[in-house]
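Me: I would like to learn how to read a structure one feature at a time. Please take me through this one.

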Amino acid sequence: MKNRKRALVLAGTAAALAATLIAAAPAPAAPAAPKLASVHGGGTVAYPYVPKEHDIRFTVDADAAPWSRPFPAPGGEQGMPVDARGKVTVYHAMPDAHFTGVAEAEVDCMVTGGKTATVTAVVTSSNVGWEGKRIGISVQDGERGGPDRVGFSWGIANVDVQPDGSVAEPRVGTCMAPAPFTEVTKGGFKVTPAPLAPRPKP
């Protein structure tokens, strides 16, 4: 009888211990949210084709928002993996002309590769007649002590020579920008890279 009672006590203790362990066990972790790309910062750049007194600055605040901009074309019902949101500001002070050009634009596309990103944005307000124009900006987050760099889709790039010799500025496509060809002399940018987001399930 004593052995039976002892066995019952041990069985009860084991059951209680198992229940405690089960209750204390952490719940299964939820799947981690996918990492999203971003570009944030601002800086003054050195551009050799204007007088040195000119002050050219860019600010970029862009965050990936994949598959958020559907468009009415075959394959565009879900948007694109490079869809993004945010704002770009372009500032160009020209003391010799007593004028400062400013444009603000809404980000529509961004793609990253390593510490480099290309961003496009559609101008919403400006004092240089750019409203409705898409501009392309590239940003390189300097590594190993190197400077940050910026490129932009006007000035030295995106020129289309017509058959008659005239020159036109083509429309900038989404996420299209030249290599970051100017050096940031003041300020800086933070590029957070991320792989392209998988296509959402229908």
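Me: Is Cys 175 buried or exposed?

Reply: Bear in mind that this is a predicted model. Burial is read from relative accessible area, and under 20% counts as buried. Cys 175 has 8% relative accessibility, so it is buried. Its place is the loop between β9 (167-168) and β10.

Me: What is the phi of Cys 175?

Reply: Start with the general idea. Most residues other than glycine have a negative phi. In Cys 175 phi is near 65°, a positive value in a residue that is not glycine. Arg 144 is another case, with a positive phi near 55°.

Me: Where does Arg 144 lie, and is it buried or exposed?

Reply: Arg 144 belongs to the loop between β6 (134-140) and β7 (149-152). Over 50% counts as exposed. With a relative accessible area of 84%, Arg 144 is therefore exposed, whereas Cys 175 at 8% is buried.

Me: How many helices and strands does the protein chain have?

Reply: The chain has 1 helix and 10 strands. In sequence order the pattern is α-β-β-β-β-β-β-β-β-β-β. Of its 202 residues, 31% count as buried.

Me: Which strands form the barrel?

Reply: The general idea is as follows. Strands of a sheet pair through backbone hydrogen bonds, either parallel or antiparallel. Here 8 strands make a closed barrel in the order β1-β2-β3-β4-β5-β6-β7-β10, and the pairing is antiparallel. On average, neighbouring strands of this sheet are turned by 30° against each other, direction ignored.

Me: In what sense do β7 and β10 pair, and over how many bridges?

Reply: The pairing of β7 and β10 is antiparallel, over 2 bridges. Val 150 stands opposite Thr 182 of β10.

Me: What can be said about Thr 182 in its strand?

Reply: Thr 182 is in strand β10, which covers residues 182-192. It is buried because its relative accessibility is 1%. A polar atom of its side chain lies 2.6 Å from the backbone oxygen of Val 150. Leaving out neighbours within four places in sequence, Thr 182 has contacts that include Val 45, Ala 46, Tyr 47 and Phe 152. Separation in sequence and distance in space should be read apart: Gly 151 is 31 residues from Thr 182 in sequence, and their C-alpha atoms are 6.0 Å apart.

Me: What share of the contacts in the protein chain join residues at least 24 apart?

Reply: The share is 56%, taken among contacts between residues at least 6 apart in sequence.

Me: Which backbone oxygen lies 2.7 Å from a polar atom of the side chain of Ser 138?

Reply: That oxygen belongs to Pro 178. Ser 138 is in strand β6, and at 1% relative accessibility it counts as buried. Beyond neighbours within four places in sequence, Ser 138 touches residues including Ala 117, Thr 118, Val 150, Gly 151 and Ala 179.

Me: Is Pro 95 buried, exposed or partly exposed?

Reply: Pro 95 is partly exposed, because its relative accessibility is 43%. It sits in the loop between β3 and β4. Not counting residues up to four places away in sequence, Pro 95 touches Glu 53 and His 54. Its C-alpha atom is 8.7 Å from that of Asp 55, a residue 40 places away along the chain.

Me: How much space lies in the largest pocket, and which residues are closest to its centre?

Reply: The largest pocket holds about 220 Å³ of space. It is lined by 17 residues, and Val 90, His 92, Gly 101, Trp 130 and Trp 154 are the closest to its centre. The elements that give two or more residues to this lining are β2 (55-64), β3 (84-94) and β4 (99-113).

Me: How many cavities of 30 Å³ or more are found?

Reply: A search of the whole structure gives 1 cavity of 30 Å³ or more. About 120 Å³ of space lies in the largest cavity. Of the 15 residues lining the largest cavity, Ala 37, Ala 64, Pro 81, Ala 194 and Pro 195 lie nearest its centre. Strand β4 gives the largest share of that lining, 3 residues.

Definitions and conventions:
Residues numbered from 1 in each chain as written. Predicted model: local features only at pLDDT ≥ 70, side-chain atom pairs only at ≥ 80, totals over all residues. Heavy atoms only, no water. Helix = DSSP H or I, 4+ residues; strand = E, 2+ residues; numbered from the N terminus. Buried < 20%, exposed > 50% of the residue type's maximum accessible area, 1.4 Å probe, protein only. Contact = heavy atoms within 4.5 Å. Polar contact = N/O pair within 3.5 Å; in protein donor to acceptor, adjacent residues only side chain to side chain. Pairing = 2+ DSSP bridges. Axes fitted to C-alpha atoms, helices over the stretch in contact; angles between N-to-C directions. 1 Å grid on protein atoms, 1.4 Å probe; cavity = no way out; pocket = protein on both sides within 12 Å on 5 of 7 lines; lining within 4 Å. Points joined across faces, edges and corners; volume = space filled by probe spheres on them.
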